[in-house]
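Dear colleague,

I am handing over a structure to you with this email, and below it you will find my notes on what was found. Please keep the structure open while you read, so that you can look up each part as it comes.

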Amino acid sequence: MNSTRTRVLIWDRPTRIFHWLLAASVVAAHVSGELGGNLIDWHARLGLLVVGLIVFRLVWGVVGSTYARFDHFFPTPAKLRAYLKGDWRGHGHNPLGAFSVFALLGVLAVQVGSGLFANDDIAFYGPLYDLVDQKLSNRLTGLHHLSGKVLLLLIGLHIGAIAFYAHVKKDNLVKPMLTGWKEADHGESAKGGGLLALLLALGLAAAAVYGASGAWLPEPPPPPPAAETPNW
Amino acid sequence: MKTKFLLALLAVSFVGTAAAQVKPEEAIKFRQSGYTFMAWNMGRIKMNVEGQYNKEEVIKAANAIQAIANSGMGALYLPGTDKGKGWEDTRVKPELFTNKEGVGKVAGAFVKEANEMAKVAATGDAAAAKEQFGKLGGTCKGCHDDFKIKK
């Protein structure tokens, strides 16, 4: 049996870099958001980075390599049934894990999306705050806090599932996410996701960050000249 | 003994009337106005520590925050004002009225950093003002996290 074991490339390099960058920036964003103070400025920068990462992943899910593509791991009822019966033999995200991927991406999108319009009732305003009125901003701030809790829950589930696979099913999911390769007795290495696809994904991600940063918003009117400021 | 008791009674009823003069709706409005006014001044400090630093502007803003911080706004949290409408629905959590120790802690921290902000502003040291602004904002957050409804 062992003689037929091969190495299969599961996660291409962009997917791996995306994953670990996302993990690191979400942790840093959480910590800076909880601590507050002047770190809130870093919280905002990290949020913009996450916007770029999510858009990158969405594009990569269409133009990336085999196992990174959404159509490869989209959890259809048939695939789910097969998986729950123990008949699923694929690589990459299993049909149940695919739910986790989509849930994490969706909640993260809500998280950063609401944060762009949020305020902290102190001195921080999200980069797109000017586009909404204060009432809506307050509601989005509430959503930002709520989805943050949901996100922590999903991350806990994600890590719990990986631990379950490692200890109970004896399947190390972390290693392929680090090296890209998995030892298996079947399967084909990932194909596609060339330089052009990478450039497209990076370009769209950069455009999204630019849009989210509000840098394109009209400059606020300059303050009146000092001579006109009353001395009271 | 009797006089002392009467005096105490008088004092209590006097304090009672003094507090009752503010109607709940007004109390909530005063609260909200205080925080809104401080928000204007926090924004001014932020603009100055991030852009071109104008010492006089920061002093004005820091002094305004210090004055409000030391105005004894706690007196505006009358019993029964855990719900109600001032300029808008109050966003205070009921815990503010029950967790006296916790409120005292965050309020004390805020007053301390607001006083320090005014002191630092007077020196005109932009870097120190920026750092102190962060600390001050942190104490705002300390109260918001525990005693303000997020919606």
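Among the elements of chain B, the lowest mean pLDDT, 55, belongs to helix α1 (residues 2-20), while α3(B) has the highest, 96; pLDDT is the predictor's confidence in each residue, from 0 to 100. Over the whole of chain B the average pLDDT is 89, and 86% of the residues score at least 70. The model as a whole scores ipTM 0.77 and pTM 0.86. This is a predicted model, in which local features need pLDDT of at least 70 and side-chain atom pairs count only at pLDDT 80 or more, whereas totals for chains, interfaces and linings use all residues. Residues are numbered from 1 along each chain as its sequence is written, and chains are lettered from A and ligands numbered from 1 in the order in which they are written.

The secondary structure of chain B comes to six helices and zero strands, where helices (H or I, at least four residues) and strands (E, at least two) are DSSP runs, numbered from the N terminus. Of the 151 residues of chain B, 25% count as buried; a residue is buried if 20 or more other C-beta atoms lie within 10 Å of its own, exposed if 12 or fewer, and partly exposed in between, with C-beta atoms placed from the backbone. Two residues are in contact if their C-beta atoms, placed in that way, lie within 7 Å, and among contacts in chain B between residues at least 6 apart in sequence, 74% join residues at least 24 apart.

Helix α5(B), residues 100-123, has 24 residues and reaches 35 Å from its first C-alpha to its last, close to the 34 Å expected at 1.5 Å a residue; the expected span is 1.5 Å times one less than the number of residues. Its buried residues are V106(B), F110(B), E113(B), A114(B), M117(B), A118(B), V120(B) and A121(B), and these pack against α3 (55-69) and α6 (126-147) of chain B. After α5(B) comes G124(B), whose phi is positive, near 80°.

Buried residues make up 30% of the 232 residues in chain A.

The largest nonpolar core has 31 residues, and those with the most contacts inside it include I10(A), V50(A), L53(A) and F56(A); a nonpolar core is a set of buried Ala, Val, Leu, Ile, Met, Phe, Trp, Tyr and Cys residues joined through C-beta atoms within 7 Å. At least two residues of this core are supplied by each of β1 (6-9), α1 (13-35), α2 (40-63), α5 (95-115) and α8 (195-213) of chain A, and the largest share, eleven residues, comes from α2(A). Apart from this core lies another, of 22 residues, among them I65(B), A69(B), V106(B) and A118(B). In soluble globular proteins, nonpolar side chains tend to be buried together. Leaving aside residues up to four places away in sequence, L53(A) touches F18(A), L21(A), L22(A) and S25(A).

Where the chains meet, twelve residues of chain A are in contact with 14 residues of chain B. The side of chain A that touches chain B has two nonpolar, seven polar and three charged residues, where Ala, Val, Leu, Ile, Met, Phe, Trp, Tyr, Cys and Pro count as nonpolar, Asp, Glu, Lys and Arg as charged, and the others, Gly among them, as polar.

D121(A) lies in the loop between α5 and α6 (134-167) of chain A, and its phi is near 60°, a positive value in a residue other than glycine. D121(A) counts as buried because 21 C-beta neighbours lie inside 10 Å. K170(A), in the loop between α6 and α7 (174-179) of chain A, has a phi near 55°, also positive in a residue other than glycine, but K170(A) is exposed, since it has 7 other C-beta atoms within 10 Å. Most residues other than glycine have a negative phi. Finally, H186(A) sits in the loop between β2 (181-184) and α8 of chain A, and H186(A) is exposed, with 11 other C-beta atoms within 10 Å.

With kind regards
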